[in-house]
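Student: I am new to this structure and would like to learn how to read it. Could you show me the features one at a time?

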Amino acid sequence: MIDLEAARYLWHPIAASSDLVPRHVFHAQILGRELALWRADDDNVNAWENRCLHRGVRLSIGINDGTELLCQYHGWRYANRTAGCTYIPAHPADAPARTICNNTYPAMEQYGLVWSGESPEGPLPVLSTVDTSFFTPLRAVTVNATSQDLLLPLIQGYTTRLPASDDNRPRYGADTPDAFTIILRVADRSQTGSTPVADIAFFLQPVDAGRTTIRGILCGIDEHNTDAQTLNDLLRFHNRLLCTIRDRLESTLADAPSPAPWIPIIAAVSENQASLPAMSDTGNSTPLRIRVASIDSLSPTVRHFRFEPLDDLPESQLPTAQPGAHIDVQLPNGLVRQYSLINGPGETDHYAIAVKREAASRGGSQALHEQLRVGDLLASSVPRNNFTLRRDAEHTHLIAGGIGLTPLLAMARALHHMGRPYTLHHFAAQDTELLFQSELQAMSGEYLCHVGLTPSQTAATMAELLATPDAHQHLYLCGPAPMLQCARDTAAACQWPEHTVHFEYFSNPEARDDSSAFEVDLARSGLSLNVPAGQSLLSVLRENGVTLPSSCEQGACGTCRVTVLDGTPDHQDVYLSESEKARGDCLMSCVSRARSQKLTLDL
Amino acid sequence: MSTPCSDPVALGLWHPLAAIEDIPPSSDQHTRLLGQALRYRKDAGNQVAVFDGDRPLPVTQAYGYVWTCLGTPARPLFDLPEYAEPDRRNVCAATVGVRVSAPRAVENFLDMGHFPFVHTGILGVEPHTEVREYQVELNEDKDEILATECIFYQPQAAAGASGGIMADYIYRVPHPYCSVLYKSCPTDESRLDVIALFLQPVDEETVRAHALVSVIDTQSSDLDIRLFQQTIFSQDKPILENQLPKRLPLDPRAETPIRADKVAIVYRRWLRAKGLQYGVIPAAA
Amino acid sequence: MITLYDYELSGNCYKIRLLLSMLGIRHEKHAIEFYPAAEHRKEAFLAINPLGELPVLQDGELTLRDSQAILVYLASEYDTSGNWYPLQDPRTLATVTQWLCFANAITASAGGARLADGFFHPLDADACRSEAHRLFRVLDEHLWFQERERQDWVATTASPSIADIACFPYIMLSEEGGISRIDYPAIRRWTDRVKRIPGFIPMPGVFPAGPGL
């Protein structure tokens, strides 16, 4: 019997690197556990549990679209690297909770093979006794036998001389450093004539009880200096030999009962993932540590910042973000500012933001532009998404003003990648504000720029764009407050249904009035609190130990939303739509207050 | 996979074996139920007898199918009153073998979210993927699950449909291995078409899926109706056969549900409360 | 007008639908219910094909049975490129024919296991499965070496041939007969390539591929 327990902590080869062709999902198995292996367009190799954690459907029948893996059953999309779910088509208005994440396994490439395992410890095996300057993987051969059954026949197949006098195969000496590895070294190089001879390393991949894959590599043959035909003959020779060994062993084992399959234990999903998420889930608020990887000028006033995790370990991966998401960045000067992520789908190895240096900077953009250097470390929030892109529209209109392009750029990249129709309008004061032009022009959606318009020209253009509302189309708006207001007013006047109009403000342009005082009852925690004039509801809650995620703290981003069970809110935010405000069933705790004497909150 | 069933809940249920009209008369037929080989035979009067070896088993003939029980029936077979309505076309649409447990197949039948991805261009189409909020209740008196107000965009909801509609669905689960779907009838707004799925658990991880269609449709032929259902069933098959594990896990932490899966959550809870063992992975105590 | 006597769940009929679609040939379909009604064994259909097998293709006066024969006919008659069935090149033509025969063996084994498990035909499913695995090993090995020589298809053709179409359906449907393809990675990659041939259409049980790179 092989030591199953010990085998769990080893690295095993589970595929050849050449098996993972672009846009393909390889179906692998190790110790009874199935894996879906796929190479993203950026060359990263993903090794995931071969089941969508929604309903257990094999991901190996899914679609590798280059940046995400789609489950065939419900179209859930999982991001390259993190395996975080980025989109659940059944609920297009929700940002999937970031905690929805498939089980992943480490994957490394070495010697032309892909290595993985259940919980491998230590470094990859190193072949120290053979020449590894070049390596050529043999065709893998799977045998219906245990690795133990296979070990000796494999060695004998290579070392036993045939009686025939024409057996001019090289003589090998065999060495088995562990139960899954066989090193065959050519004992006598003088006899082998013109055919190149090579040492061979065989790795026995324990696929399942009674199934083993032989993965061999020829060591030290420089393919570029070897005739292709000769190399192919060599590969065919070894393949034939391995198949013969396989066939003989299987026929001797034909009458043996087939062993019961190994049933791997599949980890339970977290409590968080097992329960039904709330309508909006703002996720946890643990800060992330990020490093400034690059700073580039996009225009005289806009810089592009690339943030990466502190190291390359899988556990330090950045949480998965969806289009429309922003992060709160803690700046060197102590300020916290919100920036939309502009990443395209599957770009999970970094966060990218584009920041305009504002003349009237309150210190945020100035600090980023002037103080930040490559290599600096920062704290950031996890991505929060209160500006979710629905992807079930028949057509999506993205309308950006100036640097308000940033969340819409991420959306356009996602829509383009999914092949969904969209139009992007970019309103800008001058040509230099038009960013990512060549990329946007090359993308599938219509891309139109409107430069240097006066407010009345903007209004006229907007009226033209929004003239024909359609319940199956959606609008996404982001830009300076006056432009945003103009677009919202125009959409309302053209009778776009309110649920089709989505917007995000940079900041809350309205003056806030915090002169009222009121009481709050917290239904779930049983607390009653007083909110005095001059203090926000959010800060009173925090002082009393009620933690609540928040971000912009000026009523623009939607992070600190709280459900209202009773009482009439005094809305002072620019996040909620008019009808949401009128419904009065939620409020933004950072700025909004009460018209009634008391509010009852679902906290 | 043919250890005999020892689950008293499954042994006490009525199970379908075959469409009565498909049974050749006066010749022994063989099938398997709960891991057990059975023999059945239709006489000239269309009466079917079922045997376990030489032991005659109880028989119910209902909804076009013959049903039997390996133990003592805990209760009569559930009601499907629409079947008796005189103007309905009742069609036994297909019996298909699928390598999956019966509860996984029931859950798939209750699921709307997969329509655009699995029944593309027929029961759903992208980008119309939203599963709206719907209602689910467990009717304690009838001991069955009812999901109502289910609405989904469908490009071609039935054999007789042309053009897309927002289809209204009602789902009933009156039996752990059977489900009945009521959907807006494309040819008569005031009526509901019925599609029922009756699963015969051949063993814990294999079923014969029997389909009954009961519709108000004066245009489509029986052949059209059968072929339509066969297409739908065969589209589900590769999904069901690729679910891991094949038995339905009842532990709430085995899989990740979303709001669209409300009815599945109630179904799993209901099976748990019944103490059903066959075809499921029971939750850890 | 071409008429195809067709059963949607039949892999052999699917071969013809695939090629008709890939060649863009207009046609109409006449549904024959293979299961459960077994219409293909009834008098009306036996008059068209006395063997009682699907598919049958009618093109004007010509009535043809046998899926491979129909593929040969459609490619020879309607494919202007000459690539699908390379009549001008005897050696390549022979390899195509060789794999057409192999496709019949796949139908008998992998297709047989599917008929036994899914449609309850009285066949020895275990024997069908072991024969299918033997064939899949041969094909996987062949396709692996084809890939090394930058050959994408089963025959030595530069573009897909009817041999690919003939082999594809019952390989793709093999899981319905309890035949996993996990041990045949080169076959799995080749099925992706077939799915990306322009004009590819799915059938129930076969999913389309995503876009290639």
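Tutor: Let us start with a term: a salt bridge is a side-chain nitrogen of Lys or Arg within 4 Å of a carboxyl oxygen of Asp or Glu. Please keep in mind that this is a predicted model, where local features need pLDDT of at least 70, side-chain atom pairs count only at pLDDT 80 or more, and totals for chains, interfaces and linings use all residues. Residues are numbered from 1 along each chain as its sequence is written, chains are lettered from A and ligands numbered from 1 in the order in which they are written, and side-chain values use heavy atoms, with hydrogens and water left out.

Student: How many salt bridges are there between chain B and chain C?

Tutor: Three salt bridges are counted between chain B and chain C. B:K237 and C:E176 meet through their side chains in a salt bridge, at 3.8 Å from N to O.

Student: What else can I read from where chain B and chain C touch?

Tutor: The size of an interface is often given as the accessible area lost when the parts come together. Here buried area is the accessible area (1.4 Å probe) that two parts lose on being put together, summed over both. For chain B and chain C that is about 1,600 Å², with 55% of it on carbon and sulfur atoms. The contact (heavy atoms within 4.5 Å) takes 20 residues from chain B and 20 residues from chain C. There are also 10 residue pairs in polar contact between chain B and chain C, both residues at pLDDT 80 or more. A polar contact is a pair of N or O atoms within 3.5 Å; within protein, one must be able to donate a hydrogen and the other to accept it, and residues adjacent in sequence count only if both atoms are side-chain atoms.

Student: Which element gives the largest share of the side of chain B that touches chain C?

Tutor: That is α4(B), with 10 residues. Such names follow a rule: helices (H or I, at least four residues) and strands (E, at least two) are DSSP runs, numbered from the N terminus. By class, this side of chain B has seven nonpolar, seven polar and six charged residues. In that sorting, Ala, Val, Leu, Ile, Met, Phe, Trp, Tyr, Cys and Pro count as nonpolar, Asp, Glu, Lys and Arg as charged, and the others, Gly among them, as polar.

Student: How would I read chain A and chain B in that way?

Tutor: Begin with the residues: 40 of chain A are in contact with 36 of chain B. Together chain A and chain B bury about 3,300 Å², 53% of it on carbon and sulfur atoms. Seven salt bridges are counted between them. One of them joins B:E130 to A:R390, whose closest N and O atoms are 2.7 Å apart. The side of chain A that touches chain B has 18 nonpolar, 11 polar and 11 charged residues.

Student: How do I describe two packed helices?

Tutor: Two packed helices are described by the angle between their axes and the distance between the axes. Axes are lines fitted to C-alpha atoms, for helices over the stretch in contact, and angles run from 0 to 180 degrees between N-to-C directions. In chain C, helix α4 (residues 90-119) and helix α5 (residues 125-148) pack at about 145°, with axes 8 Å apart. Their contact has 15 nonpolar, three polar and three charged residues. Helix α6 (residues 162-172) and helix α7 (residues 185-195) of chain C have axes that come within 11 Å and cross at roughly 115°. Residues of that contact include C:F168 of α6(C) and C:W190 of α7(C).

Student: And the backbone?

Tutor: Most residues other than glycine have a negative phi, and most peptide bonds are trans. In chain C, the peptide bond from C:Y35 to C:P36 is cis, with omega near 0°, and C:P36 is in the loop between β2 (27-31) and α2 (43-46). Another cis peptide bond joins C:L54 and C:P55, with omega about -5°. A:F436 is not a glycine, yet has a positive phi of about 55°.
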